[in-house]
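Visitor: I would like to learn how to read a few features of a model. Please take them one at a time.

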Amino acid sequence: MRKVLLPAFIIAAAILILGRLYYLQILDDSWIKKSDNNAYKIKYEYPERGYIYDRDGTLMVANQPSYDIMVTPKDVAKDIDTMEICRLLNVTKEYFINRLEKARVYSPRVPSVFLPQLNKKEFAAFQEKARRFKGFDIVKRSLRDYQINAAANVFGYIAQVNEATIKENPYYQSGDLIGRQGVEKVYEDVLRGVKGVSYIQKDRFGRDIGPFKGGIYDTIPVQGKDITLTIDAELQQYGEALMFEKRGGIVALEPQTGEILALITAPSYDPSILVGRDRSKNYRMLESDTLGIPLYDRSLLAEYPPGSPFKILTGLIGLQEDVIDQQSTFVCRHGFSYGRGAFMRCHDSGINNLHEAITKSCNTYFASTFRLSIDKFNDPQKGLRVWSDHLKSFGLGDFLGYDLPPGRRGLIPTPEFYKRYYPNGGWRSSTIISNAIGQGEILMTPIQLASMISTVANKGYYYTPHVIKNIEGEEIDKKFTTKHYTTIKEKYFGPIIEGLHSVYKEGTARSLQVEGIDICGKTGTAENFTKINGKQTQLTDHSIFVAFAPKDNPKIAIAVFVENGYWGARFAGPIASLMIEKYLKGTISRKDLEVRMLTKGLKEEYDKVISGKPFSINQ
Amino acid sequence: MRAQDVSSHIDWITILLYAVLVILGWMTIYSASLPEETTSFLDLNQIYGKQLLFIIVCIPLIFMVIAVDAKFYEKYALIFYILAILLLAGLFVFGKTIKGQTNWYSFGSFGLQPSEFAKIATSLLLAKYISDIQTDLNGIQKQVTAFGIIGLPVLLILMQPDAGSAMIFAVLLFVMYREGLPGWYLGAGFIAIAVFIASRVINWEIVVLIVFVSMLIHFLLSNPRKRKYINYILIFTAISAFTYSTSFVYDNILQPHQKERIDVLFNDEVNQQAEGYNLNQSLIAIGSGGWTGKGYLEGTQTKGGFVPEQHTDYIFTTVGEEWGFLGAATVIIIFVLLLLRILYLAERQRSIFSRIYGYCVAAILFMHFFVNITMLIKLFPTIGVPLPFFSYGGSSLFAFTILLFIFVKLDANKVNVW
């Protein structure tokens, strides 16, 4: 016993020590993190964000320097002169304490934003004394500097990353800027570049003692790339001006490429107000406009009934399905009766063939064509399936896949869709007849409508609309250079295009002709409703117009929606024809029309909806 | 006696283990003290350079220790002891005071710490005394003499004051127990430690209550005819008084820094920038090592100088950080092998003096090893004692080398003891 005690003690002590070491070194991994906290600090170097040019090489978005005051809570001295900092940065003591605590919670070691986006002058005052405040650093970032007051919806904006993004994507740190909305978001990775990281080893006094592990983890910043958009800055600005005090959307495309020439939502805002320290104040202001909703991109998001322009598709499907031909005629008696006393009114009367029907926008003709198309198979389900498949081949009823926020699908009714409303069946072509003329259930966004008319201009194919023309030294995504063919044969487009041409020559848009340009177009007037105090209320019709020009070898296809603009040729038509003239000729010959669009708005129309008083529509 | 004869009887296993520890120790010191610009290994401005010099000096020192006649150590044990006591006492006149402690003689840039050498002298005299009396340590007078031999240097060291070094001597109780000291001395020692820890973790009143209840149970379970009431009353009174006194000692006698060192063990809410800093940085260094460590010369805690006194008392943190669990375990196993080897050799000695001295060597090395490493991993209060053969320092390296090699010499000489 006496001989064994000390050896036993030694072995027991060794086991105790080994067990404890096993626990500390292997099981408890918190020490590794604490060691990293001690060992190095991370410094970031931010590259300049890429510039944005328009299709002609005009600079639209550049950068301006901005300075963030960052704080690393661990390094802040206990006896720091709080009052002096507060005075220099013009913040309150509460702000100081609050921000420091927030930063500590985020991470005591990683720098957090203390005060963001100072301009040169504000920053200069602090910089002189910055060295006295340990733990406070200055990070230079670049903010956007907009060269044009337009296209806010196309650009989107940049903002500081939120905590959700930081958790999701380890690239971003507190205070980093990220693109939101528009091309800033879609091309974030391209524009942003890659920030440089250097790990700097520290000693116990927090002094730098050279690069961590000889700098093997360090990276140099990669510059953001410049991008060229397909947008025509001049056309974009002009279109926005034409939408003076109106609500709606305009999309202009180049049919032969699918390039977006202009993407306009109204009302919009000056992109430069979402830059700098007033950003959140201005953002809240934009958000608070719940009627105009300037942050809502109507060109991509607003789903409108397309109205009469949809008759183009009804006609094309009729031809393709061989239920009509160019010589087919229908008799119109100011409207169209369909089953049990139901009647669709029409402003027209007489015997019309396809050409005349398009020129005059005859409801009867297209309602009849629609019925024949649906009833072709003696089974409305099958008929509607064939019909909606044709529409889907135009990219309708689904996301188009453009390089902007995805927008909305719109709505193309299918048999499944009606099954929800008529679970036991019993719907027939007459039940859904309004779709024939672009009312009923059908919904399309302005960009879908523009893509549709662009497809017509191309006689049966389209490119996915896109806003990117060129990324510095890179090819653009292949999906934007791939033709999508529709299920309508090319030969059926000819007669329709002739009809659209005579809309300008002798039809509903004859007052909007432009000398020297053969325009094809179609007016539209869409009934629409809203809820006022829970009551379904009809509002003044939307004014709609689609067009492309020149008739041969089209260079521009355009869709215009003006909310509550009454009829197609009243607002949407003039705007479309002015934009076509501007784009193709560069100058405007019809000055009085231009002035009317630039100065006449629909404020009264919009105001009466919110006035709370009874009002009449379509005046 | 010719060197050839000695070498054939020397225990090369012990020497190999010693050499491995010294070499690993120097490599670790090199890492812990490496400046940004590397210079020569023998740069005497650098800590690793000085340590290399100390190691080189050990070689003639070892030859000297081996060359001296084995009888010499037993014969002049008392002289060594008196010399050591004089050196300790002389500190109060000639010593150098650093951070309130007077435990160094200073010669230019080198220092001498007599308490390191007092351990050797005390071991020699204790071995000589117990082997001389040729009996066990049962008589009270013999016990008093033995404790006196240990107590005198302890008292002088406590006056420096250097409680850590003084504490090492307590381990000699194990040696005395091996040689016949009644078991209750050790038992009382362990109860004292247990009670002290308990009264730091919980209130001393509760500790007294627990002692009372456990003694009551023992009393009720014991044979009624053999019960000695007075023993129970005396033991209970003694433990209660001790329990209370630990609280009293803690509250009134311990220095604030000593209290803090105890507090950091039991209290989680310590300030990691102040009293908890050393221990926390030590745990970070060791804990971040993982299985295989960060690699030699790659320890970020070591390079950044986060662990204070890393080349001396905290040298093992560099082992833990740079070599990981596997490296740390290897060093610990080498230590244990050395200690067990010494004990094994001690038990084989024919001379009682050699056996007792061997036990003293193992016990002292063990105590240093145990206290040094457990304080780094939060198992023991922070007490500044060096890790034998590893920690930087000439005095401690020379002292441990002499301590060990006197035994190596005694062991090699056992054939001549007929």
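**Exposure, helix packing and a chain contact**

Guide: A:F529 is exposed, because 9 other C-beta atoms lie within 10 Å (buried means 20 or more others within 10 Å of its own C-beta, exposed 12 or fewer, partly exposed in between, with C-beta atoms placed from the backbone). This is a predicted model, in which local features need pLDDT of at least 70, side-chain atom pairs count only at pLDDT 80 or more, and totals for chains, interfaces and linings use all residues. Residues are numbered from 1 along each chain as its sequence is written, with chains lettered from A and ligands numbered from 1 in the order in which they are written.

Visitor: Which residues does A:F529 touch, not counting those up to four places away in sequence?

Guide: They are A:Q536, A:T537, A:Q538 and A:L539 (contact means C-beta atoms, placed from the backbone, within 7 Å). The C-alpha atoms of A:F529 and A:L539 are 5.5 Å apart.

Visitor: How are two packed helices described?

Guide: By the angle between their axes and the distance between the axes. In chain A, the axes of helix α15 (residues 363-375) and helix α16 (residues 380-392) come within 7 Å and cross at roughly 115°. Therefore α15(A) is roughly perpendicular to α16(A) (65 to 115 degrees).

Visitor: How many residues does each chain give to the contact of chain B with chain A?

Guide: Chain B gives 36 residues and chain A gives 29. On the side of chain B, α16(B) gives the most, with 11 residues.

Key:
Two residues are in contact if their C-beta atoms, placed from the backbone, lie within 7 Å. Axes are lines fitted to C-alpha atoms, for helices over the stretch in contact, and angles run from 0 to 180 degrees between N-to-C directions. Helices (H or I, at least four residues) and strands (E, at least two) are DSSP runs, numbered from the N terminus. Angles under 35 degrees count as roughly parallel, over 145 as roughly antiparallel, 65 to 115 as roughly perpendicular and the rest as oblique.
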